[in-house]
Amino acid sequence: MERTEALQLLEQLLDEALDGTGQVVSITGPTGSGKTELANQLATRAGDQGIRVVQTYASRAGVVAAPGIFGQLLEACTSSVLLRRLTMAAPADIRSPQFILGICHELLRSAARTPLLLIADDVHLADADSFQGLLYLIRHVRTAPVMLVLVVSEYSQQTIPLFHAELFREPHHRQIHLQPLSEAGVTGVLADRLDEATARRLAPATLAASGGNPLVVRALVEEHLTQFTEPDKEPLSPGEASATAVLACLHHSGQPCLEVARAIALLGGRVAPELISRLVSMPRFLVERYTTELSEAGLLGPDGMLRHPAAHCVILSDPDFDDAAELHHRAAELLHSEGETALRIAEHLIAADRAGRHWQIPVLRQAAEDALEEGKADMSLQCLDLALRDCPESRERALITAAKVRVEWRMNPARALSHFAGLLSAFEQGHLPDLEAIMLARALMWHGREGEAAAILTTIGSRAHTAEVREALISTEYSLSRTHPGAVAVWREAPAQLRLQGDELGAAVPTEAGIWSLLQEGDHAASSRRAEELLRADLAPDYWRGPHANALCALLYAHELKRAEYWTTRIYQDGEPEGFRTWQAVQSVILSEIARRRGDLPEAARLAEEGLCLMGPRAWGPQIVLPLATLISTAAATGHGRVAEQWLSCPLPELVPKTRYYLHYLEAVGQYHLAEGRHLLALRNFLACGRQMKRWGMDLPGIASWRLGVAEALLGLGQTERAVKMLDEQAEQPGAQYPRVNGRVLRLRAATVKPRQAVALLRESADLLDRDQLPVELLSTLIDLNRCYAELGDSHRARFTARRIWQIAAQCGAEALVRRSLLPEFAAPGVVAGAVSRAAEDDVYTVLSDAELRVAELAVRGHTNREIAARLYITVSTVEQHLTRVYRKLRVGGRADLQSRLDPKLRGTA
């Protein structure tokens with residue numbers, strides 16, 4: 001029955017009572033269904049009609065409150081004589097039968113003068129004498145202008161069956177049973193505070209969260225009005241404020257219902273009645289009764305779970321939930337006996353804040369691993385912290401601490417520093433297993449503590465161990481030999497010997513070794529395939545789970561930038577949503593180096609700075625030189641020398657010169673000195689870089705093209721012959737055929753010949769670099785080409801080239817460099833033609849034939865008609881005919897105008 005219909009029926013019965021036909025009405029319904037509210041509405045209407053209204057309520061035994069029902073009725077009696085007589089007759093017990101009957105007679109006599117509406121709330125909590133008094137009143141109001149309204153609970157027939165039996169025998173008794181609100185009823189409640197359209201829109205979500213419980217519905221609408229300044233535009237968002245209404249309903253339902261609801265909230269998910277019964281030590285049939293009561297109140301859904309999204313948290317954080325910790329501990333034991341997952345059991349152990357049983361420490365360790373797999377690092381740490389606090393056994397404590405290092409490393413490697421002393425001591429005492437000790441060695445090496453790392457690996461290598469440990473040891477030593485070659489070379493075996501051992505084991509080491517071997521041979525395609533095989537085999541990005549960073553860098557060094565970007569993004573994709581700052585920082589730094597090599601210098605600088613913001617210098621350790629190298633290099637390439645100086649002033653950890661990343665740093669510093677015209681300092685840096693690369697067996701141009709740096713520095717010092725020898729040496733190195741290397745070699749060779757010869761070399765260099773989309777290297781080539789044209793007096797081609805230079809500079813963010821590198825007449829972007837609309841560019845490819853387009857592209861690159869004919873194997877006359885048609889179709893006057901109509905990638909690379 002909806003509330004409007006119920007109120008109308010009550011008003012009708014009240015009218016009959018006024019006519020002298022007494023009425024008795026019992027209002028029942030689940031907790032929070034609005035029974036008391038309905039009675040209050042009737043009282044208000046009655047009061048407006050001049051009817052005398054007396055409202056009383058019963059209290060739960062043991063609760064300090066107002067007097068019982070008849071004690072309150074005594075206060076409503078108007079006869080002072082009666083009060084004196086009754087209190088004198090029964091001073092010791094004002095609830096005696098004589099006392100109660102006297103009050104009943106007084107009420108009936110007063111009703112003869114003024115009609116009476118008597119409301120008794122929570123009757124099911126009344127004492128036995130009050131029940132007798134109420135039954136006496138019920139029998140004697142038949143012919144009196146009295147309406148007696150009894151508010152009772154849903155299941156009061158089971159708790160006070162005799163009272164209900166007597167009640168239903170009376171012909172003038174009516175029962176009104178309130179059900180949870182329907183969607184229409186919810187809409188009506190919402191419409192009291194919101195406009196009709198908003199009420200209809202929010203009604204389904206409100207019904208889902210409240211189950212139609214009026215108390216919860218009103219709490220939801222109040223919360224919605226408080227949450228939003230424009231509630232008519234926002235969706236319903238149930239929170240803890242409205243969930244307190246659920247808690248109020250539970251407290252009003254009685255202790256057994258509250259205990260069942262707490263068990264449901266505590267266990268979570270769909271819970272069998274048997275588990276609740278065992279948890280709260282309550283017979284199953286009672287558990288089923290109370291869950292039914294909660295369901296009918298709208299608090300539980302059809303699945304037996306709490307409807308309100310925030311009810312779980314509010315119930316468990318109830319200040320009156322005194323035995324929450326004990327109940328959580330019992331829940332953990334119960335779920336363990338039921339074979340539940342370690343993670344679910346651990347949640348209760350953490351809430352109970354104790355893990356003293358022998359089986360609980362292993363469960364917490366397993367839960368920590370499971371939580372980490374699911375990306376719940378905080379939960380994993382909570383499990384490990386509790387296990388570490390309550391674990392008495394030394395070996396177990398060492399394992400827990402090692403696990404904690406692995407978890408905290410994902411958030412920030414600096415957190416591991418506080419655990420090193422304890423783990424080193426555990427290793428020395430034989431409490432730390434070899435596999436965990438190898439992990440510790442990797443962590444120590446990251447932080448530059450090479451001596452301690454060497455001691456661990458040497459100790460493990462000198463004693464008998466399992467094949468698994470042997471494999472991990474070899475893999476670790478080889479990976480570290482690629483990242484920290486200067487440190488590892490002092491204490492590990494020769495790489496060849498390690499590779500033999502790896503072959504015997506069939507481990508992952510040969511894969512990584514093969515990657516580097518193929519790189520050194522110049523077979524970049526095969527090296528990239530091997531690297532991707534390694535990455536595809538295990539996507540875990542942890543520092544100790546394989547040589548992933550080395551494989552990613554191998555793709556970089558093989559100039560496979562797109563594949564490197566794909567794998568970097570894929571491997572570290574969960575870093576941000578899961579709060580793993582280490583993953584995010586490493587991803588940013590690798591992507592920054594990719595962006596730098598691709599020529600997107602502003603993005604490279606942004607990503608490198610982001611990596612430094614995510615982790616401080618202490619967390620990066622010696623690896624900090626990689627983002628610093630990228631920032632120095634990008635600043636130098638864009639002409640921002642002061643920015644580069646700021647990054648150069650950053651202090652470097654002691655172990656830096658022994659890492660592979662130091663090679664990047666030396667090259668970057670050399671490039672900075674070249675850009676600033678300090679050729680001798682640049683030469684020293686490039687030579688130092690070369691010596692280290694040779695010593696470590698890493699003489700790969702993909703890591704650092706130190707020979708080209710040396711050659712450019714020598715040219716700046718006027719030592720042309722030495723520069724040519726260095727260029728010849730570079731040309732004989734593996735990988736010299738790749739455009740990034742070959743294009744730079746051609747540019748530098750052009751500086752060793754006369755201007756007319758230089759033009760051909762620079763054009764060839766520009767073609768190579770343009771095809772491979774290497775804008776930074778192309779920019780340097782075009783700047784040199786512009787100078788050659790200017791020196792030869794070819795202002796037409798010099799202007800073409802200057803246009804292209806400024807376009808590339810805008811793309812790379814290198815305007816400052818170009819401004820100081822070009823001759824004064826070209827050192828302003830005004831020489832570049834205005835931007836061409838995309839529609840005009842598309843039109844070019846629509847109106848020109850393929851043959852005409854090929855000729856036009858070569859023409860805007862600055863090639864003569866004869867050169868175009870030679871390249872396309874056609875006659876000069878054919879070239880001239882094609883160009884005539886191109887000029888006509890595009891409505892341009894000649895080559896100068898033609899350049900502005902073609903794709904920007906093709907303009908001005910003459």
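Mentor: Let's begin with helix α18, where A342, L343, R344, I345, A346, H348, L349, I350 and A352 are buried. Keep in mind that this is a predicted model.

Trainee: Why is the pair of F131 and F163 called tilted?
Mentor: The ring centres are 5.0 Å apart, and rings pair if their centres lie within 6.5 Å. The planes are at 45°, while stacked needs under 30 degrees and edge-to-face needs over 60.

Trainee: How do you know whether F131 is buried or exposed?
Mentor: Buried means under 20% relative accessible area. F131 has 10%, so it is buried. F163, at 4%, counts as buried too.

Trainee: Then why is the pair of W446 and W620 called stacked?
Mentor: Here the planes are at 20°, which is under 30 degrees, so the pair is stacked. The ring centres are 6.5 Å apart.

Trainee: What makes you say that this pair ties parts together?
Mentor: W446 lies in helix α23 (residues 434-446) and W620 in helix α34 (residues 617-620), so the pair joins parts 174 residues apart in sequence. W446 is buried at 7% relative accessibility, and W620 is buried at 3%. Ring pairs also link W409, W446 and W620 into a cluster. By the pairing rule, the count comes to seven aromatic pairs.

Trainee: Where else does W620 turn up?
Mentor: In the largest nonpolar core, which has 186 residues; W620 is among those with the most contacts inside it, along with L267, I276, L279, L432, I456 and I703. Leaving out residues up to four places away in sequence, I456 touches L424, F427, A437, L440, A441 and L444. Another core, of 36 residues, lies apart from the largest one and includes C77, I103, V123 and A144.

Trainee: How do you know that the charged end of R482 sits over the ring of W516?
Mentor: One part of the test is distance: the charged end is 5.3 Å from the ring centre, and the limit is 6 Å. The direction also has to be within 35 degrees of the ring normal.

Trainee: Why is S33 called buried?
Mentor: Its relative accessible area is 2%, and the cut-off is under 20%, so S33 is buried. S33 is in the loop between β1 (23-28) and α2 (35-48). The side chain of S33 reaches the backbone oxygen of P30 at 2.6 Å. Leaving aside neighbours within four places in sequence, S33 is in contact with R3, L178, N213 and P214.

Trainee: And what makes R819 partly exposed?
Mentor: R819 has 44% relative accessibility. Buried is under 20% and exposed is over 50%, so R819 falls in between. R819 lies in helix α45 (residues 815-821).

Note on methods:
Residues numbered from 1 in each chain as written. Predicted model: local features only at pLDDT ≥ 70, side-chain atom pairs only at ≥ 80, totals over all residues. Heavy atoms only, no water. Phe/Tyr/Trp six-rings, centres within 6.5 Å; stacked < 30°, edge-to-face > 60°. Buried < 20%, exposed > 50% of the residue type's maximum accessible area, 1.4 Å probe, protein only. Helix = DSSP H or I, 4+ residues; strand = E, 2+ residues; numbered from the N terminus. Polar contact = N/O pair within 3.5 Å; in protein donor to acceptor, adjacent residues only side chain to side chain. Contact = heavy atoms within 4.5 Å. Core = buried A, V, L, I, M, F, W, Y, C linked by side-chain atoms within 4.5 Å.
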